[in-house]
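Thanks for making the time this morning.

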Amino acid sequence: MNITLITLDNLGMNEPISSALKKRGHNVRHINFRDYKYKYPSIFHRVYNFILKAFFKKNLKTIHHGKEILKELEKNHEIQDVILTIKGDFIDSDSILKFKKFTKKSIGFFNDNIYRCPKIKRVIPSFDEAYSFEKEDCANFNMNFAPNWIYTKEISNKEIPAEYGVFNISTIDKRLSTLIRIANELKSKNINFKFIVYDKKNEPKTGTEGITYINKHVPLPEVNDYADRSKVLLDIHRDGQIGLTFRIFESIGLEKKLITTNYDIKNYDFYNPNNILIIDENNPVIPASFFENEYEKIPESIYKKYTVEGWIDNVIFKNNTFNI
């Protein structure tokens, strides 16, 4: 099959989809429109874009992304069997409609929710099929459900004691107050941790809570190294979101215990209270006993569903009659 991936892949989490498809023998092209930066030619374009967004629900940046992607698609004269677009809300809907000229099927996947990213609503109809990791969005906007995937493989060396009790890396936002409460709770239990917060507007520092603030992105291999040297990973969900973040799937792939504020994780078949501690974001209580027992492997049949290979079967091939 000929498959094109169109993704906004800032951290490299989508590349395993391309690699897995290639291993199956498919011809795969990955267009990462992260590289298509838009710069306002003048102050008038900035003002014009403000008017477009306010009154016409359009954006020069998403139009630019669409035009550049279409240029790339036009270079390939062979019709694709599938074009899979991830984070299509960063592309204008007219361009996404034009994707269909280049493929037998156009699929969209969203791992943000409509509460946080209302632009998603405008592009859903432009796809032949749309998937989301947010169950409520699937029910309300006629999308198919697909969670995120395990992009890591188990690399943990269990013979070496963990350097950190708990690890988290995140971008500065409203979740910071929750992170600080969790840091203070861990300190009260004498549990060490490594919390890193990306804040591009300020100089690097270590706060009084023991949280490290940085202003440059940490490469994904380095993030994985921190995770591998930790006993437990921490996940703090965003307000209004119950879709499971990549941090949760990191913990499964690395066979690490998890602390999370996302109560909906109880409804997934891999949930095991020995492995996963659900806490109240406003009053986090973390028993020291959670760190005493080792991680319990989940059944292989369940694990496979959340691998990138399982994700591909669910999203690309589930409703198709293609020879895979």
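When I speak of contact, I mean heavy atoms within 4.5 Å, and please keep in mind that this is a predicted model.

Let me begin with helix H9, residues 246–253, which is mostly covered, with eight of its eight residues buried. Its buried residues, among them Phe-246, Arg-247 and Glu-250, pack against strand S7 (164–171), helix H8 (220–228), strand S11 (230–235), strand S12 (257–260) and helix H10 (300–305). After H9 comes Glu-255, whose phi is positive, near 55 degrees.

Turning to the aromatic rings, a search of the whole structure finds 15 pairs. In one of them, the ring centres of Phe-109 and Trp-149 are 6.0 Å apart and the planes stand at 50 degrees, so this pair is tilted. Phe-109 belongs to strand S4, while Trp-149 lies in the loop between strand S6 and S7, 40 residues apart, and the pair thus links distant parts of the chain. Phe-109 is buried, at 0% relative accessible area, and Trp-149 is likewise counted as buried, at 0%.

In another pair, Phe-167 and Tyr-226 have ring centres 5.5 Å apart and planes at 20 degrees, and the pair is therefore stacked. Here strand S7, which holds Phe-167, is linked with helix H8, which holds Tyr-226, across 59 residues, and both residues are buried.

Finally, on charges over rings, Lys-119 lies over the face of Phe-90, at 4.7 Å from the ring centre, and Lys-205 lies over the face of Tyr-213, at 5.2 Å.

Definitions and conventions. Residues numbered from 1 in each chain as written. Predicted model: local features only at pLDDT ≥ 70, side-chain atom pairs only at ≥ 80, totals over all residues. Heavy atoms only, no water. Buried < 20%, exposed > 50% of the residue type's maximum accessible area, 1.4 Å probe, protein only. Helix = DSSP H or I, 4+ residues; strand = E, 2+ residues; numbered from the N terminus. Phe/Tyr/Trp six-rings, centres within 6.5 Å; stacked < 30°, edge-to-face > 60°. Lys NZ or Arg CZ within 6 Å of the ring centre and 35° of its normal.
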